[in-house]
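Welcome! Here is a short briefing to read alongside the sequence and the 3D view.

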Amino acid sequence: AKYAGRNTIRFFNPDMQAAIDARATLETALRRAMNSDELSLYFQPQVDRDGRVIGAEALLRWLPSDAEPISPTRFIPLAEETGLIIPIGLWVLEQACAQLGAWQADASTRELVLSINVSACQFHQPDFVVQVQETIAEFGIDATHLKLELTESLVLDRIDQVIARMHMLKDLGVSFSLDDFGTGYSSLSYLKRLPIDQVKIDQSFVRDLAHDQNDAAIVRAVLAMSRSLGLNVIAEGVETAEQFDFLLSHGCEQFQGYLFGKPAPIDDFPAKVIGVG
Ligand code: C2E
Ligand code: CA
Ligand code: CA
Ligand code: CA
């Protein structure tokens, strides 16, 4: 094909224009949502082998006052493309540290660990480490209970810079979980180089664990490999007792999924039953 120049307007068709308009509308709405109280954090429990709550993952929710909730799988990618994820991600960090501060002020919730999701463009901001440091200081929290969930694609891109930055964050006390593990391309050698504390088995492998031999084999391999590398493993998307039993019998240490609790507002978080004994 011939080079058509930079403004190839003639390639747009009405469907594409409609998609662009819908996106622009969503972007405007998201900007507005940030300045109202339509964004909130939900908390999904993470449990140990005895089913005791040991922490939570903070998950962003957009609940428009006049419409149906909008899924993060829809608005997070948009926020990433438009750069809105930078202020949103900072807001998530602040909310999470505020919640950790509240937990750490109470003996029954002091040991809880809170995980937050960090987007690649947020992590790559030059001042990301400083922002984490300042937020930890602002809320006076013990940062050893703050965990950052990074995806495989984030850590593989600019890996040397990522590793350096992870070490700076670890010096602050923060720990790392490698999210969606198995869905990307990270090799074992990369995993060894990364200063991660935990691997999170993606729910796509957990879903058919009891029936799909391949998924079962992958999960067993991830658990065996992580054990030999000294990494903690958490499985996400655990919905049935059958899945839980399989994971337990192969040595998985932590669990998250509807079987133990759905993401919910903090007032519904079962925090009071925790850490006692
Ligand atoms: P993720 O980090 O892989 O989060 C796990 C997703 O699985 C969440 O979807 C959670 O609600 C859902 N889930 C948990 N347990 C179960 C289960 O037992 N069964 C099933 N079917 N699903 C389960 P959610 O909340 O819709 O979030 C989707 C994605 O949006 C997240 O995937 C994450 O990539 C992104 N996200 C959410 N909050 C944030 C945030 O604050 N910052 C960033 N950067 N991304 C976020
Ligand atoms: Ca996650
Ligand atoms: Ca996942
Ligand atoms: Ca994900």
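This is a predicted model: local features need pLDDT of at least 70, side-chain atom pairs count only at pLDDT 80 or more; totals for chains, interfaces and linings use all residues.

A polar contact is a pair of N or O atoms within 3.5 Å. Residues are numbered from 1 along each chain as its sequence is written, and side-chain values use heavy atoms, with hydrogens and water left out.

**Contacts of ligand 1**
- In the side chain of Q44, an N or O atom is 2.9 Å from a nitrogen atom of ligand 1.
- D180 has a polar side-chain atom 3.4 Å from an oxygen atom of ligand 1.
- Ligand 1 taken alone exposes 800 Å², and the protein buries 83% of that (areas by the Shrake-Rupley method with a 1.4 Å probe).

**The shell around ligand 1**
- There are 21 residues around ligand 1, and R61, S119, Q203, E239 and Y258 come nearest (a residue is near if one of its heavy atoms lies within 4 Å).
- The shell divides into eight nonpolar, seven polar and six charged residues.
- Strand β2 (53–62) gives the most to this shell, with four residues (strands are DSSP E runs of at least two residues).

**Salt bridges**
- The structure holds ten salt bridges (a side-chain nitrogen of Lys or Arg within 4 Å of a carboxyl oxygen of Asp or Glu).
- E149 pairs with K200 in a salt bridge, their closest N and O atoms being 2.9 Å apart.
- E149 lies in strand β4 and K200 in strand β6, so the pair ties together parts 51 residues apart in sequence.

Notes
Chains are lettered from A and ligands numbered from 1 in the order in which they are written. A polar contact is a pair of N or O atoms within 3.5 Å; within protein, one must be able to donate a hydrogen and the other to accept it, and residues adjacent in sequence count only if both atoms are side-chain atoms. Ala, Val, Leu, Ile, Met, Phe, Trp, Tyr, Cys and Pro count as nonpolar, Asp, Glu, Lys and Arg as charged, and the others, Gly among them, as polar.
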